[in-house]
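Please look over the sequence and the model shown here. A short report comes after them.

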Amino acid sequence: MKPITPKRLADTIVEQLETLILEGTLAAGQRLPPERALAEQFGVSRPSVREAVQRLAARGLLTSRQGGGHYVSEQLGTSFSDPLIPLIESRPDAHRDLLEFRKTLEADCAYYAAQRATEVDRQRLTSAWQALDACYAGSPEHVEAEGAADAAFHMAIAEASHNLILLHTMRNLFSLLRRNIVTNIGGMNARPAPTREHLARQHEALYRAILDGQAEQARALAGEHISYVQQAISEQTETEHRKQRALRRERAGG
């Protein structure tokens, strides 16, 4: 037996803040409440809060900014550095790899979301779906807005999965994911209108399956959605290649 050492208040505060960061309640770049507010919420003194914040800052979990305030580190768990993102974007083979990765990742997110989503998760997912549906009802020219709404919808599914690793992987890939979706949407919107209508139906079916708790169906629908995107992008790429070949022949003949 060993003597039991009472925990210091700062230790307990550190543990609680770590939990909030790990579960995604405190997201990267989010500002913490002021020390006074945190002290009131925890029911402790401000020096204890200050000590806990300083310890988390020393470990790189929190940062301070000019003008005051403490923030969750924006570099938390970063998987892709900014210089790598444009490099990936410029290579078609990397786009294919990202879609393959999304197929595996998002299918699991959908499966667990259908099993574990709380009422709050369902409300957030419903709001995300309504925002995306509004984009589908609007002009196909608003590619950036539709891409952001599409990525936010998939992020809401990841949050509802209540799997910390899946959630943080999705969050760390969010910038790259959003750009990939925008690129895909731009390519697919160049195709006939039924392509976009089919995407809307796929997203709605996935949303309904998660809300109805149909885990296997949600997983299958998520995988089918990415497969459809892969096929549509591949066909669009081939069409573009044929156009370029035809133009080269025309120039050569001229």
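## Model

This is a predicted model.

## Helices H6 and H7

Helix H6 spans residues 119-137, and helix H7 spans residues 143-160. Their axes come within 9 Å. They cross at roughly 160 degrees. Angles over 145 degrees count as roughly antiparallel, so H6 is roughly antiparallel to H7. The crossing of the two is left-handed.

On the H6 side, the contact is made by Asp121, Arg124, Leu125, Ala128, Trp129, Ala131, Leu132, Cys135 and Tyr136. H7 contributes Ala145, Glu146, Ala149, Asp150, Ala152, Phe153, Ala156, Ile157, Glu159 and Ala160. By class, this contact has 14 nonpolar residues and 5 charged ones. It has no polar residues.

## Glu15 in helix H1

Helix H1 runs over residues 9-22 and holds Glu15. The relative accessible area of Glu15 is 37%. That value lies between the 20% and 50% cut-offs, so Glu15 is partly exposed.

Glu15 and Ala52 are 37 residues apart in sequence. In space, their C-alpha atoms are 9.1 Å apart.

## Cysteines

The structure holds 0 disulfides. Cys109 has a relative accessible area of 2%. For Cys135, the value is 18%. Buried means under 20%, so Cys109 is buried, and Cys135 is buried as well. Cys135 is also one of the H6 residues in the contact with H7.

How values were computed
Residues numbered from 1 in each chain as written. Predicted model: local features only at pLDDT ≥ 70, side-chain atom pairs only at ≥ 80, totals over all residues. Heavy atoms only, no water. Axes fitted to C-alpha atoms, helices over the stretch in contact; angles between N-to-C directions. Helix = DSSP H or I, 4+ residues; strand = E, 2+ residues; numbered from the N terminus. Parallel < 35°, antiparallel > 145°, perpendicular 65-115°, else oblique. Left-handed = near helix turned anticlockwise from the far one by under 90°. Contact = heavy atoms within 4.5 Å. Nonpolar A, V, L, I, M, F, W, Y, C, P; charged D, E, K, R; others polar. Buried < 20%, exposed > 50% of the residue type's maximum accessible area, 1.4 Å probe, protein only. Disulfide = S-S within 2.5 Å.
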